[in-house]
Structures are given as structure tokens and as C-alpha cells.
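Hi everyone, thanks for coming along. I'd like to walk you through a few spots in one model, so let me put it up on the screen.

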Amino acid sequence: MHVLPVIGSTALSKTAITDDVETSLGEILKELGVENIEKADAAAVEKLYADADEQKKPQIAAALKQGLTEVDKTALRVGMQTDPEMAALVKAVEGMTGVTVAVESAVPGIEQGKISVAGAGLNAQDGTSLVTLSITEADDVYVDPNRYHHKKPIGISLTGAKNAETGLDIPVTITMPVPEGIDLSHLAILHMKQDGTIEEILAVSDSTCHVDSTARTVTFTVTHFSTFVFVDEGNGDAGDGDNTGDGGNTGDSGNTGDGGNTGDSGNTGDSGNTGDSGNTGDSGNTGDSGNTGGSSNTGNAGNTGNTAGNGERAVEEQKAPRPVLYIVQKGENLSAIARRHGLKLSQLLAYNPQILNPNLIYPGQQIIVGMEGNASGQMSAADATYYTVQRGDCLSRIAMYFRQTLDTLRTWNPSVFLQKYIYSGQKIRVK
């Protein structure tokens, strides 16, 4: 067992705490000069606690803990995962509880000395001074082999905590080694329900988990514990169609296949270039020698081949405009961002179909607020037609089915082309 260090503190007890916690919290926030606990500075909170009389410390700790429990749990979870200031605040308040947090690992390769936890002590059962995070090997579970590879089921539990399996009072952030054999750049963590189905997916691709490639660790935040399956999400292996390329291979440089050549079925890379049966050149022309092929293939310069094999030549288009990215700042919401960039909220959401909940964005998240050149990249949400991706689909097939070019799909769906993969259920504009 590895015991994590705890800031010197007086353990909380019901007899030492007055019933006037709410009033106490208000006084603390006033002294800190903030209107709510989310804006409190961790260092200022620690100083206030350190300077307080010993008899007042339990009340201060209890009030701050109560304040954290009153924060919207989803917002608190996102803040702990993406905002270092919020993570530091939770850790500071946890250090005042007097609860010891220990970690145990029975999984080879996951050393308990490299595991750290934040927030666990704030969920301790009444009268408990020790909570233990345990990591064990879990029973095998089924996951889609066409999308996920090199799976490693791991059981994570928190003993001594209230509602650890159903819903913690305060989220818990875990940093731990990634199991061997999993590509960090494609890491996803599947949080499983008790019935063996996937409850949520924490992925590097959408910043719901973060990796440290040097230490080979991953940091993620959860609201309850069960089995977590560590997997490669794609990892370049041929898939049934959840990947953007038909054969499933996508290269980081935008080329597909071995050595950057494209396959017969028009696989696409990050740049969306497709081939009929030959290599794609830097000029964007397709075919073995730069000539256009016969399956609506497009190159970097936007040149198109014959459409879907029907013998009719597609209209030559200009190169697709690039998306204009904006990084979300702390305290912002989509409505304010839309107004700042002269957009309606519906337009902003049309640019960003990956945002499923308009009320949930987080600092550091990249969203699209327009297209370079503006005119050619404007979207008309009212007139748009959307297609729901099915298993086995790829962008080239979707484009051919709706008689569009990949560059046209790129113009309408810029956020999709920033991803390495498409997935079943995803909505893509096709008209």
C-alpha cells in the first residue's frame, strides 16, 4: 500500500463543527474577496486555513467542502480535469480534512508509486480517516473489435468513500500509468456499466483525458467507480468503417496506407486526399501519374475525378477554406462566443456538431468560429441536410453516395475533418 501525503490538518468531526456552515462559507468567501468558491485561489485558501485558530479550522474545512459539493458536479468535473486552478483548490481543501488517501495496485506494470489521486479524501464516509484507491485486473468484457484494440480491463474502486459506485459527492481525479501495449496518441478509456455496456468514453481525442508521454501516464476525472477498459481507439488498424478511411488506416501527415499510398476504396487521411488506386502527389492530383481517377477522388488542390463511376465529370472546386479555431476561456459560454464572432448560436453549433451539450464546454477546448475567406465557408443551418453515420461508413463513401466531393464535405463539416475518425451516430452535413 502506498500512502499519499496529506497536508497537516485537523480531522473533521461533527462535534467540532457548528451547524452554521453556510454562514461560515459566506464569511470565508468574503474574506477571500470572491463571490463563489469556484473563483477562490488555492494558495489564498491554504493561507486562510493556516492562519486560523485551531478551533476554527474544522469549521473552515467543512464549509469549503460543503461549498465544493454545491458546485454543479459536471462543471466541477470538467474544471478539475481542465483547469489547474480548480484542481489545486480541490487538493487544498482535501488536505484540510485530515483523511489519509492510500493507493494499491495489483496490476503488473501499473506501479502504485506512480499513482496520484485528488478529491478522494473529500468523499470519505463519516468518521473515516482512511480511503483507499485500489487498482486490480478486471474480468474480460466485450468491446467492438473494429474500433477498439489492445484492450486492458482494469477495476478501480475507492473503499472508505460514500457512494463510490453510484455517485460521489465530489469528483475524483486519477493520474496513473497507461498499460503497456497501448498507443498514447490513440488512448481511450471506456467506463463500463455493471451490465457490461459502455457508460462513457474518456479519450485523448476530445480532451476528456490527458496523457504525459514522458511519464507515460494518463489523467482523468470520474464521478463513480467500476471497470475501466483501456484501449487503442483505432491505432491505424483496418476497421469496419468507424475510421475516416475505408481501409481504416489514417496517417498523421494526411497520407493513408503503407508509405502514404491510398487504397482502392478511397481511404482518406487527415487532409482528406483520396486515391483511386494510385499514389497522391503534393499537387493534389490523383492516379498513378497524377491523372484523375474514376471514383470522385480529390487532391490537395481540390481537383476532382469522375463522380462515383457514372462517367460524369465533377465540377472543379476551389480548395476548401480552412476553419478558424477559437480556444475557450474560463467562464465563457457558447452564446457569448457566438456574439463575439458575429454568429447566431445555431450557426456556431452548425460549425461544431461534435458539441452535444451546448451548456457544457470547458477551458482549453477548441471550437470553430468561422472559415477563412468567410463567404465560401458560410453554413446555412436552416437549409442543411444531415446524415447519421452508420457502422461501416467512411467519408469517401458518404461523399459518393450524396454526389458530393470530399472538399465540399470538408467545407460543411470542418470539425469532422479535424478528427482522425468518424463514428456511428455522428451527424454529418451532406447538402
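Let's begin with a question: does Thr173 count as buried or exposed? With a relative accessibility of 10%, Thr173 counts as buried, where buried means under 20% relative accessible area, exposed means over 50%, and partly exposed is in between, using a 1.4 Å probe and protein chains only.

Before going on, a word on where this comes from. This is a predicted model, in which local features need pLDDT of at least 70 and side-chain atom pairs count only at pLDDT 80 or more, while totals for chains, interfaces and linings use all residues. Residues are numbered from 1 along each chain as its sequence is written, and side-chain values use heavy atoms, with hydrogens and water left out.

Back to Thr173, then. You'll find Thr173 in strand 6, residues 172–177; helices (H or I, at least four residues) and strands (E, at least two) are DSSP runs, numbered from the N terminus. Strand 6 is mostly covered, with six of its six residues buried.

What does strand 6 pair with? Two strands pair if DSSP finds at least two bridges between them. Strand 3, residues 116–118, runs antiparallel to strand 6 and is joined to it by three bridges; Val117 has Ile174 as its bridge partner there. Strand 10, residues 217–222, also pairs with strand 6 in the antiparallel sense, over six bridges, and here Val172 is partnered with Val222.

Now look at what surrounds Thr173. Contact means heavy atoms within 4.5 Å. Leaving out residues up to four places away in sequence, Thr173 touches Met80, Ser116, Val117, Ala118, Thr219, Phe220 and Thr221.

Met80 takes us to the helices. In helix 4 (residues 73–82), Leu76, Gly79, Met80 and Thr82 meet Pro84, Met86, Ala87 and Val90 in helix 5. The axes of helix 4 and helix 5, residues 84–95, come within 6 Å and cross at roughly 105 degrees, so the two helices are roughly perpendicular to each other.

Next, two arginines. Arg147 sits in the loop between strand 4 (130–137) and strand 5 (148–159), and is buried at 18% relative accessible area. Its side chain makes polar contacts with the side chains of Tyr148 at 3.4 Å and Glu233 at 3.0 Å.

Arg216, in the loop between strand 9 (209–212) and strand 10, counts as partly exposed at 22% relative accessibility. Which backbone oxygen does the side chain of Arg216 reach? That of Pro179, at 3.0 Å. Setting aside neighbours within four places in sequence, the contacts of Arg216 include Met176, Pro177, Glu180 and Leu184. Arg216 and Leu184 are 32 residues apart along the chain, with their C-alpha atoms separated by 7.6 Å.

One last stop: Met371, in strand 13, residues 366–371. Met371 is buried, with a relative accessible area of 4%. Met371 and Pro323 are 48 residues apart in sequence, yet 4.4 Å apart in space, C-alpha to C-alpha.

That's my tour, and I'm happy to take questions.

Definitions and conventions: Axes fitted to C-alpha atoms, helices over the stretch in contact; angles between N-to-C directions. Parallel < 35°, antiparallel > 145°, perpendicular 65-115°, else oblique. Polar contact = N/O pair within 3.5 Å; in protein donor to acceptor, adjacent residues only side chain to side chain.
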